[in-house]
Amino acid sequence: MAEEIQGTEKETAMLEVRHLKAGYGTLKGFVRAVDDVSLSLAKGGFLGIAGESGCGKSTLAYAIMRLLKDNARIESGEVLFKGRELVGLPESEMRKLRWAEIAMVFQSAMNALNPVLSVGEQLSDAALAHRPDMKKKEAMDLAVEMLELVDINADRLKSYPHQLSGGMKQRVMIAMALMLKPDLLIMDEPTTALDVVVQRTIIEKIDDLRKKLGFSVIFITHDLSLLVEISDTLAVMYAGKICEYGRAAELFESAHHPYTRGLMNSFPTLTGPISRMGGIEGHAPDLLAPPPGCRFAPRCPKAGPECSAREPELVDMGGGRLCACHKPEVSNA
Amino acid sequence: MPENNSSDILKENSGAASRAAAQGAAGLQPSAAPALELKSVYKHFPLRGLSAHGRAVHAMDDVSLTLESGGSLALVGESGSGKTTTASVIARIYEQDSGHIIVDGEEARPFRSRAEALQYKKKVQLIFQDPFGSLNPTHTIRQILERPLLIHGIVKNRGELDAKLNEILELVGLCPPGEYLDRYPHELSGGQRQRVNIARTFALEPEIVLADEPTSMLDVSIRMGIMNMMLDLKAKRGVSYLYITHDLAGARYMCSRIAVMYAGMLMEVGPTDEVISEALHPYVKLLKAASPAPELGLSRGRVAAKGEIPSLVDPPSGCRFHPRCPYAKASCSESMPELREVGPGHLVRCFEV
């Protein structure tokens with residue numbers, strides 16, 4: 001997917017985010033949680049966004065969906081979905097787009113289901129809201145079809161959320177997101193609360209469905225080791241900014257940004273010799289008063305005077321890799 | 001119980017970071033009594049209410065473990081597998097239904113006096129998972145840390161108390177201590193709070209530390225710092241760890257031995273490297289295949305797991321894993337396999353191994 005990183009295939013890009021700035025108004029000031037983020041995603045692509053809590057990855061997802069909370073706003077930038085600008089689109093238009101074309105699986109999807117409605121009612125509701133001419137029966141049939149797609153038996157249609165396990169609830173949420181055959185599926189930590197085996201089966205399911213139905217995925221998580229395995233392209237966010245961007249496998253082989261390296265060095269491995277791993281010293285900055293220059297400089301083992309003097313640009317390192325660092329580590333580790 | 005064959009267990013020399021770091025303290029004599037032994041411990045929680053009909057949650061069934069003095073044992077399992085119950089029973093938060101818990105060669109019995117309880121709790125300390133919920137938000141760090149010191153009579157006077165507080169905060173890397181003592185938990189980051197938790201644990205100089213997923217609620221980049229600190233503390237203080245986690249790779253980093261729990265029962269116990277590299281039990285194989293491991297290449301193939309963890313109220317007959325096991329035979333649903341030794345210090349609960 002090098003083409004779309006370099007931006008030469010603009011017509012096929014499912015989503016293009018350009019210089020997006022968004023954040024939250026608080027009593028202490030404006031917290032810019034997403035600061036000048038640009039990315040693009042091709043049709044059928046799988047983009048992973050990695051970052052720790054508070055790095056702005058969820059805000060980015062909500063900004064794309066235009067679902068930001070009341071105290072939050074998009075300051076500037078563009079979100080082009082199939083070439084159509086979403087920033088500033090009237091809410092009535094956005095409502096038509098949401099779920100029908102861009103769907104989302106939320107962070108605590110397990111608690112996002114309505115406890116007093118059956119699975120079938122909730123699934124069909126999504127279809128009926130967007131397809132006023134659809135009959136209830138048709139919506140239910142569609143619900144059955146989607147449930148079967150995520151390996152849930154049709155007799156679960158009458159079940160209530162409390163009768164399902166965590167993994168099943170999460171699969172119901174995925175079925176619901178796919179009800180209207182969206183072109184883009186945004187998943188915000190969809191497997192974080194699940195056990196590894198269930199996580200694995202859900203990820204395999206999403207991958208199968210993506211190949212079958214051809215939608216694009218944005219997968220957001222703090223678990224870089226998981227993302228490296230499942231994404232085509234990976235964006236690493238730190239303190240509201242993308243610090244490194246590139247093909248997942250290559251990013252794992254040779255991370256250029258010290259933060260990406262630190263993150264990679266934060267996951268013990270299942271195989272190979274055990275050596276002492278570093279992790280990253282310190283903690284993420286306060287976004288109310290981000291440090292001058294590079295935001296990672298206070299925690300960076302390589303930081304020099306220029307790092308806190310001047311903010312590094314996200315520059316093209318070749319081969320579709322972008323990195324925002326004054327001292328990128330280009331040699332292989 | 002086969003695994004108290006301690007001379008075999010002590011041949012643990014596969015190079016985990018813990019051993020490299022803990023060489024001094026862990027250089028124990030093979031004759032030393034294990035720090036902790038569980039012999040066939042059962043713990044069921046009765047259901048309440050009209051529809052309970054005498055049923056119970058089988059949180060621990062026939063759990064037998066040995067933790068060598070100065071050793072480290074990872075208890076790995078998915079949520080609801082009974083690992084936290086195991087820690088709670090060892091910490092005497094719950095009394096087991098049956099079976100024996102032996103600490104330092106002495107059987108742990110229900111406490112008959114406060115003195116007995118204090119004596120036990122000084123030896124066995126617990127680090128909680130949630131650094132946000134386990135510190136009293138209305139107390140300063142000083143109040144939180146001095147309480148166990150005063151209750152256990154570790155310090156005699158104000159001067160000793162201050163020295164001790166400084167010492168334990170420095171031990172967990174909160175320097176200078178003066179900067180932290182008068183702050184409240186909400187003024188600290190998650191990682192710092194977990195350090196306070198660990199400082200409180202080590203304040204009593206325990207022999208056994210039960211760490212219940214100490215890093216799972218922390219940000220990724222600071223987990224390693226906490227894990228490394230725990231390895232260093234183990235080397236410095238010579239404690240024994242029971243490290244509870246759901247992360248196989250983390251278990252491998254922290255511990256020389258591993259016990260994998262599923263639906264309230266131990267499925268495989270052995271040297272960590274051996275169990276992870278050559279998993280014998282089908283559940284452990286599944287867990288390993290499902291764990292993220294980018295270094296294994298990006299397309300390891302499908303895991304294709306079926307089913308989910310069974311209800312512990314009505315656990316499956318026979319082997320608890322048989323409904324999900326790709327190798328299950330008819331006999332697997334009829335009787336429960338024993339946890340039997342298949343190699344030095346390596347035990348597996350499976351008919352097919």
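Trainee: How many residues does the contact take from chain A and from chain B?
Mentor: This is a predicted model: local features need pLDDT of at least 70, side-chain atom pairs count only at pLDDT 80 or more, and totals for chains, interfaces and linings use all residues. Residues are numbered from 1 along each chain as its sequence is written, with chains lettered from A and ligands numbered from 1 in the order written. Contact means C-beta atoms, placed from the backbone, within 7 Å. The count is 39 residues from chain A and 37 residues from chain B.

Trainee: Which helix gives the largest share of the side of chain B that touches chain A?
Mentor: Helices (H or I, at least four residues) and strands (E, at least two) are DSSP runs, numbered from the N terminus. H10 (220-237), H11 (248-254) and H13 (282-290) of chain B each supply at least two residues. The largest share, seven residues, comes from H10(B).

Trainee: Which strands are the edges of the open eight-stranded sheet in chain B?
Mentor: Strands pair if DSSP finds at least two bridges between them. The order is S6-S7-S8-S3-S9-S10-S12-S11, with mixed pairing. Two strands pair on one side only: S6 (124-127) and S11 (340-343) of chain B.

Trainee: Which residue is the bridge partner of B:Val269 in S12(B)?
Mentor: S10 (265-271) and S12 (346-348) of chain B pair in the antiparallel sense over two bridges. The partner of B:Val269 is B:Leu347.

Trainee: What radius of gyration does chain A have?
Mentor: The radius is taken over C-alpha atoms, and the globule rule is 2.2 Å times the number of residues to the power 0.38. For 333 residues, a compact globule would come near 20 Å. Chain A agrees, with 20 Å.

Terms used. Contact = placed C-beta atoms within 7 Å.
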